[in-house]
Amino acid sequence: MNETDYAKLKADRAGMDRFEHPDFYLIDELLTEEHKMIRGSVRDWVKREISPIIEQACQDAKFPYWIVRQLGEIGCFGPQIPAEYGGGGLDYISYGLAMQELERGDSGVRSTASVQGSLVMYPISKFGSEEQKHKYLPKLASGEYLGCFGLTEPDHGSDPGGMITRFRDAGDHYVLNGAKMWISNAPFADVAVVWAKDEEGVVRGLIVERGMEGFSTPETHNKWSLRASATGELVFDNVKVPKENLLPGVKGLKGPLTCLNSARYGISWGAIGAAMDCYTSAVRYAAQRKQFGKPIGAFQLQQKKLSEMLTEITKAQLLTWRLGVLMNEGRATPAQISMAKRNNVEMALNIAREARQIHGGMGITGEYPIMRHMMNLESVITYEGTHDIHLLILGYEITGENAFV
Ligand code: TGC
Ligand code: FAD
């Protein structure tokens, strides 16, 4: 299907998404009017632009590239980045709510925005030179540029410190060699923030632009997950990178790991969005579907599932709200972020699996969002630090013993 076919699909299915979020503990009372306004505007965009087309896009394994500009227009690229560089200048709860709404639509859409905001704009705004900030941030904020973040390598995923991608000083420029794998947005990216070791073995960040000789971004095919998000490799074959493209403000692995704090925080909110979508679909289905002469929602076993889903969503909402307050105050620790990412993604995946059962056979079809969310969440539980790695981060925090190595 081409863009015109998708536009027709959008028109045919306009108004069909009637999502309203569950708020069992009246958590909305903890939000400001601005928070609710931001959430409402992102939700309206998702209903209009994503819900009508997303099942088809996933079936087609198509990244709807045209949403990049739109995400910029609605302020979803770097809402937490200072406004002077084109970011939204908003707080972390606003950022979280935006990620929740995007992932309610699809984890792949949230991925596009998290990578752009937290993994490309954030390192440039925090570690970049004034020239780099002015050159890249406004274009990334508006969606004129799409960015990607290259940390993972074929042989170094959970252990990025072992990376072998390297650059050397060649006088008036650097020469970069190596490869990154599993990189969201890569096949469409205009710029890549790439983490590589210098001649002393110190991890540094480089801004690599599409069109630099020796730089290619082959797409990764045959994914069963995040099918509407483009994933690829970054291949560097003697790429000449101008010296002014080195991020001057950070040295060492703490550079990329600091960016991950912001992205993992966003995921902890995003996962709630996916869980809410599965839960509300299950509540509706349980009311409509009749077996043995009654709605299936009248059976205790189905009520148990729905009650536990709402309980887990409510606990996750409280966890992320409090974490958002700590983020705003600059007091959130990496281990607290790990706890929220780990808990909420697992919570969402469990809810997707239970909701799939409530939908019976219909649950495996694209008539309902369940299976798509479930498959997406299988990536979300692995990227930005696997479920096990976050457990080990927490274990280290509790015991003071490093169980990674
Ligand atoms: P370790 O020796 O513990 O730490 C190295 C240096 O980094 C500092 N640090 C952090 N700084 C800020 N925030 C954090 N969360 C930090 N964690 C560690 C640390 O203090 C130290 O600093 P210094 O000054 O002493 O040098 O490092 P390690 O090699 O033992 O590894 C630790 C470990 C395993 C926790 C870490 O490497 C890790 O988190 N691994 C998981 C890798 C990962 O999350 N990759 C994500 C790739 S990006 C991605 O998946 C994007 S998906 C996007 C999407 O589509 O949404
Ligand atoms: P491995 O590190 O090989 O882990 C395999 C298993 O071993 C896991 O279960 C893990 O928990 C376990 N394990 C590893 N170490 C230990 C240990 N010390 N103790 C106990 N168990 C351990 N990366 C980027 O840089 N940028 C991106 O934009 C990006 N986007 C992605 C998009 C998708 C769709 C996917 C799937 C991945 C993406 N990633 C990206 C990569 C992602 O961050 C890695 O897949 C992840 O960090 C895990 O690395 P790995 O796949 O190499 O698994």
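This is a predicted model: local features need pLDDT of at least 70, side-chain atom pairs count only at pLDDT 80 or more; totals for chains, interfaces and linings use all residues.
Leaving aside its neighbours within four places in sequence, which residues is Ile-50 in contact with?

View 1. Sequence neighbours within four places aside, Ile-50 touches Trp-45, Ile-67, Gly-105 and Val-109.

**View 2. Helix 2, residues 33-50, and its buried face.** Helix 2 runs for 18 residues and spans 25 Å from first C-alpha to last, close to the expected 26 Å. Its buried residues are His-35, Ile-38, Arg-39, Val-42, Arg-43, Trp-45, Val-46, Glu-49 and Ile-50. Looking down the axis of helix 2, these buried residues stay within a 160° arc, so they line one face. Over on the other side of helix 2, you'll find Glu-33 and Met-37 exposed.

**View 3. What the buried residues of helix 2 pack against.** Their partners are helix 1 (3-12), helix 3 (54-59), helix 4 (67-73), helix 5 (92-105) and helix 6 (107-127).

**View 4. Helix 10 (334-358) packing with helix 12 (387-399).** The two helices meet at about 145°, with 9 Å between their axes, and the crossing of helix 10 and helix 12 is left-handed. Helix 10 brings Ala-335, Ser-338, Met-339, Lys-341, Arg-342 and Glu-346 to the contact, while helix 12 supplies His-387, His-390, Leu-391, Ile-393, Leu-394 and Glu-397. Sorted by class, that contact between helix 10 and helix 12 comes out as five nonpolar, three polar and four charged residues.

Technical notes: Residues are numbered from 1 along each chain as its sequence is written. Chains are lettered from A and ligands numbered from 1 in the order in which they are written. Side-chain values use heavy atoms; hydrogens and water are left out. Axes are lines fitted to C-alpha atoms, for helices over the stretch in contact, and angles run from 0 to 180 degrees between N-to-C directions. Helices (H or I, at least four residues) and strands (E, at least two) are DSSP runs, numbered from the N terminus. A crossing is left-handed if the near helix is turned anticlockwise from the far one by less than a right angle, and right-handed if clockwise. Contact means heavy atoms within 4.5 Å. Ala, Val, Leu, Ile, Met, Phe, Trp, Tyr, Cys and Pro count as nonpolar, Asp, Glu, Lys and Arg as charged, and the others, Gly among them, as polar. The expected span of a helix is 1.5 Å times one less than its number of residues. Buried means under 20% relative accessible area, exposed over 50%, partly exposed in between (1.4 Å probe, protein chains only). The arc is that of the directions from the helix axis to the C-beta atoms.
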